[in-house]
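This report describes a strand arrangement and a pocket. The sequence and structure come first, and the description follows.

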Amino acid sequence: ATINASMICAQNENRWKSACYEDGGAALYDSSADKVVGVVSFGPNNCRDKPVVYGRVGSPSVFHWITDVICAYHSQPKPDICFPTAAPTVSHRPSAKPSTGPTNHPSDD
């Protein structure tokens with residue numbers, strides 16, 4: 001298999017504690033950063049002496065997969081991540097020159 005930018009190839013220092021072929025979805029935790037950085041994607045059948053391939057959590061495709069699974073299987077009420085807010089819209093048309101202070105309209109007198 002080819003490793004790409006959305007993947008991390010890692011192996012535990014203790015070869016007896018490496019992820020195994022039935023551990024799909026298990027977390028790769030970076031203790032120095034105190035965060036999860038990957039989820040098991042695939043690895044060797046013998047579960048030791050070889051690295052495991054993890055999906056990089058920061059990768060958009062892995063992030064979307066994680067949220068899809070959470071939202072599909074989470075009980076009610078669903079977490080907020082299942083209800084993304086609409087992205088703000090950006091206008092490429094220039095707006096009227098902004099005012100620099102209060103304006104007086106004839107009806108305000």
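## Basis

Strands are DSSP runs of E with at least two residues, numbered from the N terminus. This is a predicted model, in which local features need pLDDT of at least 70 and side-chain atom pairs count only at pLDDT 80 or more, while totals for chains, interfaces and linings use all residues. Residues are numbered from 1 along each chain as its sequence is written, and side-chain values use heavy atoms, without hydrogens and water.

## The sheet

An open sheet is formed by four strands in the order β1-β4-β3-β2, with antiparallel pairing. At its edges are β1 (7-10) and β2, each of which pairs on one side only. Direction ignored, neighbouring strands of this sheet are turned by 40° against each other on average. Two strands count as paired if DSSP finds at least two bridges between them.

Between β1 and β4 (residues 52-56) there are four bridges, in the antiparallel sense. C9 has V53 in β4 as its bridge partner.

## The largest pocket

A pocket is an open set of points on a 1 Å grid over the protein atoms alone, where a 1.4 Å probe fits and protein lies on both sides within 12 Å along at least five of seven lines; lining residues have an atom within 4 Å of a point. The largest pocket is lined by 15 residues, and those nearest its centre are N12, A27, L28, Y29 and Y54.

Both β2 (27-30) and β3 (35-42) supply at least two residues of this lining. The most comes from β2, with four residues.

Key
Axes fitted to C-alpha atoms, helices over the stretch in contact; angles between N-to-C directions.
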